[in-house]
Amino acid sequence: MSPLKIGEKTARVPLIQGGMGVGISLGNLAGTVAKEGGIGIISTAQIGFQEPDFDENPSGANLRAIRKEMEKARAISPDGLIGYNIMVALRDYKQHVAAAVEAGADLIISGAGLPTELPALTAGSPVKIAPIVSTEKSAKVILKYWGRKYHRTADLVIIEGPKAGGHLGFKKEELDFYSPERYEEEITKIIETVRGFAEEYQTEIPIIAAGGIFDVEDVRRVMALGVDGVQIASRFVTTRECDADIRYKEAYLNASKEDIVIVKSPVGMPGRAILNPFMKRVMLGEKMEHTPCHRCLARCNPAEIPYCITDSLICAAKGDVEEALLFCGADAYRQTRMETVKEVIDSLF
């Protein structure tokens, strides 16, 4: 096992804990992962949902919480690597990036869209930036764009495969197309593309594999393809240090393989989640009532959506699992007991 080097920053363990919103990966989980040698990631998606003024002032509550959660993480791991996952699809994307830079992020990871503006938003700061890509095409598009417009490249690239949890960077038919073997071929193509850009800019661009990485055998398999590390999210949900409600964690522990399904998100992307009464009603075409808009997504018409993703993810974070969107990875059903972050990391490496 080699350390993960991102420029002048080094993580002792080549592991990134995936960002999970709303309220699943906050300061406690991210700080603990960083303390154990990995890179802890805080999700900024509706991060301020616990602030008293969230309903009236969601933008202000989120910006305040971005700082608070970093302070919480730094109290646990003063010298570890801690960053943020910031979705491009967010209405306040630019403000979240600015707040993350000000809070002292080591790394900003962006997916759920192409982070075309990320280099400009972090210019002049020591923050490292990483796009999430799912195909060779998306890797070429974003790295070419950054090169042409900003004359720079990524500090890190995350390849997120079709077995990931939450929002997926694939169309429904692509999920059916990519067998594990076919996707390993895609990973190899992405690696070649990224290495080409690294050579052009005379730098090192670490490549991280994500999605469906559950145990040490999975880690060995993807590392053998030539990546520099792994990103893992679902395994950390059922840790004692995860910020989620215990009932959310128990939903993972109680899920069977058949309970994990592909769902349609109001974001416009397919996602992977645990089938529960709420999602069964959605899949039958029922339109769910929701609270007044919390302005989370740049492209969302509250009058047209089948359900509010903010409401459903807040229900998940608070443990109201019957009325929640329970995002998870493809192998979450294999989680059968509560662990500590240290136990998870030890089991992977």
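Reader: What's the handedness where α2 passes α3?

Author: Right-handed, in this predicted model. The two axes come within 9 Å and cross at roughly 30°. Anything under 35 degrees counts as roughly parallel, so α2 is roughly parallel to α3.

Reader: Ok, which residues make that contact?

Author: From α2 (58–76), N62, L63, I66, R67 and M70 take part. On the α3 side they are Q95, H96, A99, A100 and A103. By class, that contact has 6 nonpolar, 3 polar and 1 charged residues.

Reader: Switching to the loop. Where does T44 sit, and is it buried or exposed?

Author: T44 lies in the loop between β4 (39–43) and α2. T44 is buried, as its relative accessible area is 0%.

Reader: What does its side chain pair up with?

Author: The side chain of H96.

Reader: Now α5 and α7, what angle do they pack at?

Author: About 15°, with axes 9 Å apart. That makes α5 roughly parallel to α7, and the crossing is right-handed.

Reader: What's the residue make-up there, by class?

Author: 5 nonpolar, 1 polar and 5 charged residues. Among them are E136, K140 and K144 of α5, and E186, K189 and F197 of α7.

Key:
Residues numbered from 1 in each chain as written. Predicted model: local features only at pLDDT ≥ 70, side-chain atom pairs only at ≥ 80, totals over all residues. Heavy atoms only, no water. Axes fitted to C-alpha atoms, helices over the stretch in contact; angles between N-to-C directions. Helix = DSSP H or I, 4+ residues; strand = E, 2+ residues; numbered from the N terminus. Parallel < 35°, antiparallel > 145°, perpendicular 65-115°, else oblique. Left-handed = near helix turned anticlockwise from the far one by under 90°. Contact = heavy atoms within 4.5 Å. Nonpolar A, V, L, I, M, F, W, Y, C, P; charged D, E, K, R; others polar. Buried < 20%, exposed > 50% of the residue type's maximum accessible area, 1.4 Å probe, protein only. Polar contact = N/O pair within 3.5 Å; in protein donor to acceptor, adjacent residues only side chain to side chain.
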